[in-house]
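Biologist: I'd like to learn how to read a few features in a structure, one at a time. Could you walk me through them?

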Amino acid sequence: MLLKKNIPLKYVFGKIKYEILLVTVYTMAISTLYYRFDLTFISIPISVPMVLGTVLSLLLAFRSNQAYDRWWEARTIWGAIVNDSRTLTRQVLSLMDANYQSEEMQHFQERFVKRQAAWCYSLGQSLRKTDPVKGLDRLMSRRELNYVMKYDNVPAALLFLHGKDLKEALNNGWINQYQQVCMDETLSRLCDSMGKCERIKNTVFPATYSLYTHFTLIFFILLLPFALIDVMGFMEIPVVIAIASSFMLIEKMGINLQDPFENKPTDTPVTTIARNIEKDLRQLLQEQYEPQEEVLEPVSRYYVL
Amino acid sequence: MLLKKNIPLKYVFGKIKYEILLVTVYTMAISTLYYRFDLTFISIPISVPMVLGTVLSLLLAFRSNQAYDRWWEARTIWGAIVNDSRTLTRQVLSLMDANYQSEEMQHFQERFVKRQAAWCYSLGQSLRKTDPVKGLDRLMSRRELNYVMKYDNVPAALLFLHGKDLKEALNNGWINQYQQVCMDETLSRLCDSMGKCERIKNTVFPATYSLYTHFTLIFFILLLPFALIDVMGFMEIPVVIAIASSFMLIEKMGINLQDPFENKPTDTPVTTIARNIEKDLRQLLQEQYEPQEEVLEPVSRYYVL
Amino acid sequence: MLLKKNIPLKYVFGKIKYEILLVTVYTMAISTLYYRFDLTFISIPISVPMVLGTVLSLLLAFRSNQAYDRWWEARTIWGAIVNDSRTLTRQVLSLMDANYQSEEMQHFQERFVKRQAAWCYSLGQSLRKTDPVKGLDRLMSRRELNYVMKYDNVPAALLFLHGKDLKEALNNGWINQYQQVCMDETLSRLCDSMGKCERIKNTVFPATYSLYTHFTLIFFILLLPFALIDVMGFMEIPVVIAIASSFMLIEKMGINLQDPFENKPTDTPVTTIARNIEKDLRQLLQEQYEPQEEVLEPVSRYYVL
Amino acid sequence: MLLKKNIPLKYVFGKIKYEILLVTVYTMAISTLYYRFDLTFISIPISVPMVLGTVLSLLLAFRSNQAYDRWWEARTIWGAIVNDSRTLTRQVLSLMDANYQSEEMQHFQERFVKRQAAWCYSLGQSLRKTDPVKGLDRLMSRRELNYVMKYDNVPAALLFLHGKDLKEALNNGWINQYQQVCMDETLSRLCDSMGKCERIKNTVFPATYSLYTHFTLIFFILLLPFALIDVMGFMEIPVVIAIASSFMLIEKMGINLQDPFENKPTDTPVTTIARNIEKDLRQLLQEQYEPQEEVLEPVSRYYVL
Amino acid sequence: MLLKKNIPLKYVFGKIKYEILLVTVYTMAISTLYYRFDLTFISIPISVPMVLGTVLSLLLAFRSNQAYDRWWEARTIWGAIVNDSRTLTRQVLSLMDANYQSEEMQHFQERFVKRQAAWCYSLGQSLRKTDPVKGLDRLMSRRELNYVMKYDNVPAALLFLHGKDLKEALNNGWINQYQQVCMDETLSRLCDSMGKCERIKNTVFPATYSLYTHFTLIFFILLLPFALIDVMGFMEIPVVIAIASSFMLIEKMGINLQDPFENKPTDTPVTTIARNIEKDLRQLLQEQYEPQEEVLEPVSRYYVL
């Protein structure tokens with residue numbers, strides 16, 4: 001969940017502390033060999049790692065871009081889920097025929113809107129491979145909960161219940177045929193968002209690519225001390241560590257971004273987003289019923305005309 | 001607000017004046033050490049910072065592209081808001097049934113169109129974290145203003161009022177069922193644009209990435225004087241400043257572009273856009289009522305046929 | 001208007017002739033200093049401008065890509081305008097109920113289609129900041145022209161007239177409710193295209209970015225003669241000019257492409273496109289009325305069955 | 001038409017054989033001057049062409065990407081044409097009311113579907129600037145052919161006939177109002193695809209860009225032998241040829257890909273695609289009438305209920 | 001099928017084992033010539049392969065990006081197929097009028113949903129050029145199977161049967177006109193996905209581009225030992241192998257990714273996806289009939305009101 005603006009240095013370097021240690025020991029060993037045992041022939045020209053550096057840049061740039069795209073796409077999908085949840089709520093609350101403004105219809109609207117909030121939680125939890133129905137009991141009736149728990153794909157079952165409710169609303173005359181089709185399209189968009197999340201979750205980044213990048217990086221770091229020892233002496237130790245850290249951090253960043261639903265600090269904040277959606281929907285729902293009197297009055301003055 | 005074509009040099013370099021000062025002092029210190037105290041062994045070959053320069057270019061190119069994409073996406077979303085505001089106004093003014101062309105319907109249309117202008121201001125202000133209802137009193141009635149102020153998300157509440165008004169218009173027979181669904185889709189698009197702005201606002205650019213870039217940049221600048229001192233002498237001071245400035249300005253540019261709703265000179269000009277929308281909508285609204293007589297006459301000649 | 005396939009060399013280099021002159025004089029001055037006054041210490045190693053060259057490539061690549069994207073997007077929007085103009089014409093001519101095929105409806109169709117052609121001219125002219133109603137008198141009645149001239153945004157007013165005409169057509173029974181909504185969606189797409197053009201027109205390319213690129217380029221060219229003087233002697237003059245020209249031409253190209261509605265030889269050919277649209281629409285319109293008899297006859301044979 | 005997987009070497013190098021010859025002669029001349037006449041001062045350091053090489057890579061990468069994008073977009077548009085042709089056929093054959101399943105309606109369906117196949121051929125031929133009605137006589141009646149030949153834009157006229165036929169079908173009661181609007185949207189998508197093809201065809205790749213790339217390439221190749229002569233001797237001849245060929249082939253590839261409707265071996269296979277569409281549509285059409293009895297029987301058992 | 005997270009090293013290097021062998025032998029031969037026969041003049045400076053390396057990086061980056069885009073687009077299309085299959089099922093099960101909830105309609109729904117699962121298998125198999133109807137007998141009746149087997153394009157025939165069933169459902173009064181159009185749009189999206197898969201399958205990656213990349217790569221590897229022999233001695237053998245492997249693996253990766261429907265381990269897992277779709281659809285279908293009693297009861301309590 002990339003929400004904090006300030007990330008402690010400790011956290012950043014903590015991720016690669018063992019790697020940094022290894023690089024330090026390795027570079028010191030090479031330097032010692034060179035100066036202590038006078039093995040000066042092990043020095044190589046710096047152009048050799050530079051060729052490898054070009055390949056590596058190419059690989060890391062490619063990987064960073066694709067990983068960022070996956071991460072940003074995941075964030076965009078959840079943005080669309082926010083939008084469509086609000087749209088669905090607006091449609092449920094404002095398209096329904098006011099002539100039927102009965103208690104029964106209020107129950108229907110409340111159940112529908114709360115189930116939409118439940119869908120968001122459920123989707124987030126099933127993407128993170130945790131219990132998809134955890135905490136849904138405060139948003140749904142026991143009966144519906146039991147029904148959806150029989151499904152492998154709980155969010156899909158919730159959308160299916162939405163669809164059934166729309167049919168019921170049509171049969172009750174609360175919405176007309178165009179409105180049903182219009183709201184069904186909103187359901188289809190939600191279904192699309194759900195499928196897109198699953199696609200990102202279930203498609204690993206081409207593993208061979210990650211592997212090549214990793215090998216090239218290791219090989220580059222192994223060569224680096226030989227190339228710098230001649231020109232920099234013991235000064236090379238901090239330089240090698242700095243260059244190696246830069247490359248390793250870029251690789252780590254790519255690894256973190258490429259899987260945005262893995263319950264890691266950098267993933268998509270699905271729970272936070274779902275909580276915000278619930279807050280928004282609840283407010284629309286409450287205001288709909290509580291302050292309705294004072295709001296609808298000026299509007300309804302048109303009726304008396 | 002990137003509207004001026006000419007940006008004073010002072011503004012550009014004012015952003016990095018402390019950094020430039022630091023670099024100058026640092027480079028002069030190194031030069032002094034080298035020539036005054038003859039510490040010639042501190043010189044390193046220029047290929048060392050060149051390797052780092054490649055990584056840095058990779059990081060800055062990546063960051064510039066993503067930051068520009070965020071900035072351009074923000075601008076595109078506000079462009080869509082302009083379009084959908086106009087479309088909504090055209091639909092409100094031209095889809096409604098002329099047979100009902102009563103004073104009451106005129107009030108309805110005026111209220112609706114002005115509320116749309118208010119929505120634009122309100123969205124811009126809430127994105128910039130300023131008071132979302134400031135200045136809306138000249139566009140909305142006190143009663144509606146009180147209603148929306150109860151919501152955390154004022155623009156969402158305004159869209160909800162739009163939806164309620166559409167239901168009312170349907171009940172009054174001013175629009176038919178298809179037109180309601182068609183205009184509700186315009187509301188959904190506006191709801192999408194709102195959610196997209198919030199997504200950009202609330203999703204920080206991967207902070208670790210910014211951090212790596214910054215560290216690599218600092219490290220690169222620290223190494224640069226050592227690499228140039230041998231070949232350029234005191235001439236290196238302006239060269240180091242120029243190279244360091246180039247890289248630092250690119251980094252700053254990325255930082256400015258990546259958060260397009262932060263009330264900075266380079267952000268999206270939401271207030272200007274909202275003002276233009278208001279001007280357009282008001283003109284459509286006024287022309288609708290005032291010059292209507294002379295315009296509608298030739299049109300209405302078809303009725304007498 | 002990028003329509004010619006062959007561009008005279010004179011045109012290409014004419015754009016940077018003063019810059020080339022300056023570079024020539026500058027490089028000759030450096031060479032003279034070096035050889036005539038034996039100031040050989042001014043020579044610097046070529047790796048120094050190479051580091052700058054990397055930054056510059058990064059900046060120019062970024063700028064070329066974004067400028068090309070703006071140019072191509074502008075062209076794509078006008079392509080969409082062509083498509084939607086044709087679609088609107090097809091809908092006006094083929095969706096309307098043939099039972100009403102009266103002279104009055106013919107007038108309506110002709111007025112509508114010609115107004116669409118007028119819209120294209122008007123949009124192109126207002127994007128180029130020339131008179132938006134120039135030449136529209138041959139496509140629209142005096143009365144409508146007077147009406148739209150009262151608006152700041154003439155194309156928006158024309159779309160609004162489209163919308164009013166659709167309402168009229170619905171009231172006259174020439175189109176049904178679904179067809180009105182369907183054609184209104186075409187109007188919405190045209191409204192979108194208009195707004196997208198305005199977005200590109202009104203959003204300057206991040207000015208600080210252009211500035212950094214320009215500074216880095218100047219600085220790179222200033223350093224280049226010092227770096228080459230030692231290894232190439234007077235031969236460096238053509239080489240410096242050639243390298244400097246390459247970079248400067250790429251920068252110029254970016255500047256030309258990034259503002260596609262500026263009445264320059266490289267901009268989007270809005271007038272040509274509008275003329276083609278008019279030709280297409282007029283042909284559909286004429287054929288509709290003139291050769292109709294011979295075409296509709298075989299079709300209408302189905303009626304007699 | 002990029003359909004063959006194996007391309008003969010002769011074809012690849014045949015494209016640049018004169019250029020290779022010139023480069024060979026030029027490099028040999030330089031080598032002779034150097035060794036035979038001992039003009040060793042003409043040698044320049046390899047870093048000079050390397051700076052140019054960076055610019056060139058930037059230019060070629062930019063161009064390759066944009067050219068590939070044009071080519072892939074052209075292919076994608078024709079993919080969409082395939083999809084929409086099938087969709088239109090499915091709609092014509094399956095949306096129409098079975099109660100009217102008369103011979104007259106069969107003629108209508110056949111005429112419509114064949115005209116869609118004709119549209120594909122016609123669009124491909126007019127994009128390649130060949131006769132747009134060639135070979136259409138086996139798909140359309142003489143009368144319709146005469147009608148569309150009066151238009152400058154034959155495919156647009158065919159779509160217009162589609163639109164007229166839909167109106168006729170509505171009037172005959174074969175389709176309802178929603179179905180007409182739904183099929184008209186398919187026509188709009190086909191109209192979009194047509195306009196997109198014309199946009200790619202009529203918009204030349206920024207000519208100045210191509211020119212700069214070409215100049216920089218020539219200049220790079222001219223410098224190359226001077227840079228390699230010192231370090232490689234006569235061995236430089238194959239190396240120069242190989243490097244020059246690589247760059248020239250990339251440039252050629254870009255030129256070939258950027259104009260995908262030019263009747264060249266690498267363009268979009270519009271005729272092949274149109275032929276496949278015709279085959280598919282014909283099969284749907286035939287199966288519709290011939291094996292209908294055995295298929296529709298089990299379905300119609302529901303009617304007896 | 002890129003589903004495994006851990007790929008054995010043997011698999012990765014197994015792909016290029018012959019190439020590695022050749023490179024080893026070649027590099028050893030060069031080294032032997034150099035040291036054993038003292039042919040030291042064959043050494044070339046490392047800048048020569050570095051120029052080629054820049055071109056090669058450009059080519060490989062271009063190719064990797066385009067290949068990845070094809071692979072990711074293929075995956076995205078199959079993601080859309082998952083979504084639209086679920087949407088279609090939801091629509092079939094929830095849009096249909098409950099008043100007709102007869103056994104006949106249940107059969108219809110079951111047949112429809114199972115045919116959608118069959119469509120997914122069939123599309124995957126025909127993309128991989130295996131028998132498109134293999135295994136469909138457990139999902140479809142013998143009669144329908146015989147019908148679709150007469151078509152060259154079996155998935156297209158299945159969609160056509162979908163369309164016919166929708167017409168039948170409309171005639172039976174199970175769905176209304178808007179619902180038919182709405183579900184037909186889902187069919188159009190499925191038809192689009194099918195066409196997009198065929199486009200990727202049938203469009204080879206520009207073959208000349210692959211060829212140039214391959215030639216440049218070979219030439220680069222041939223030059224490499226000459227450039228490194230002087231500075232690294234026999235140490236160059238592992239270095240050459242490592243650099244060559246990096247480049248060759250990147251090329252191989254591109255080749256694998258660019259054709260995502262070729263029955264290779266890295267292609268799109270069409271069978272797995274189709275199996276998941278079937279599981280989901282079956283569950284929706286079963287739950288629809290079996291646990292219906294307990295679920296629909298609470299819902300139907302609204303009817304008694």
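Predicted model: local features only at pLDDT ≥ 70, side-chain atom pairs only at ≥ 80, totals over all residues.

Biologist: Which residue does the side chain of Glu278(B) meet in a salt bridge?

Modeller: The partner is Arg282(B), at 2.8 Å from N to O. Both belong to helix H10 (residues 270-289) of chain B, and because they are four residues apart there, about one helical turn separates them. Arg282(B) has 28% relative accessibility, so this residue is partly exposed.

Biologist: And where should I look for a salt bridge that links distant parts of a chain?

Modeller: Take Asp259(D) and Arg70(D), whose closest N and O atoms are 3.7 Å apart. Asp259(D) sits in the loop between helix H9 (236-258) and helix H10 (270-289) of chain D, while Arg70(D) is in helix H3 (residues 47-94), 189 residues away. Both residues are buried.

Biologist: Which residues do salt bridges with shared partners join into one network?

Modeller: Arg111(A), Arg115(A), Glu144(A), Asp165(A) and Glu168(A) form one such network. Within it, Asp165(A) pairs with Arg111(A), with 3.2 Å between the closest N and O atoms. That pair joins helix H6 (residues 154-171) to helix H4 (residues 103-127) of chain A across 54 residues of sequence. Asp165(A) is buried because its relative accessibility is 2%, and Arg111(A), at 18%, is buried too. Over all chains, the count is 74 salt bridges.

Biologist: Now the surface. Which residues form a negative patch?

Modeller: Here a patch takes residues with over 30% relative accessible area and no salt bridge. Asp69(A), Asp69(B), Asp69(C), Asp69(D) and Asp69(E) form a negative one. Asp69(B), for instance, lies in helix H3 (residues 47-94) of chain B and is partly exposed at 42% relative accessibility.

Biologist: How many helices and strands does chain A have?

Modeller: Chain A has eleven helices and zero strands. Of its 305 residues, 65% count as buried.

Biologist: Where does UniProt place the feature "transmembrane region" in chain A?

Modeller: The unreviewed entry gives residues 20-37, 43-62, 209-228 and 234-250. In the model, residues 209-228 of chain A are 100% helix, with end C-alpha atoms 28 Å apart. Residues 43-62 of chain A are 80% helix, and their end C-alpha atoms lie 31 Å apart.

How values were computed: Residues numbered from 1 in each chain as written. Chains lettered and ligands numbered in written order. Heavy atoms only, no water. Patch = residues over 30% accessible without salt bridge, like charges linked within 9 Å, V, L, I, M, F, W, Y side chains within 5 Å. Areas by Shrake-Rupley, 256 points an atom, 1.4 Å probe, with all protein chains shown as cover. Salt bridge = Lys/Arg side-chain N within 4 Å of Asp/Glu carboxyl O. Lys, Arg positive; Asp, Glu negative; His and termini not counted. Charge placed at Lys NZ, Arg CZ, Asp CG, Glu CD. Helix = DSSP H or I, 4+ residues; strand = E, 2+ residues; numbered from the N terminus. Buried < 20%, exposed > 50% of the residue type's maximum accessible area, 1.4 Å probe, protein only. UniProt positions renumbered as here; feature names shortened; annotations may be inferred.
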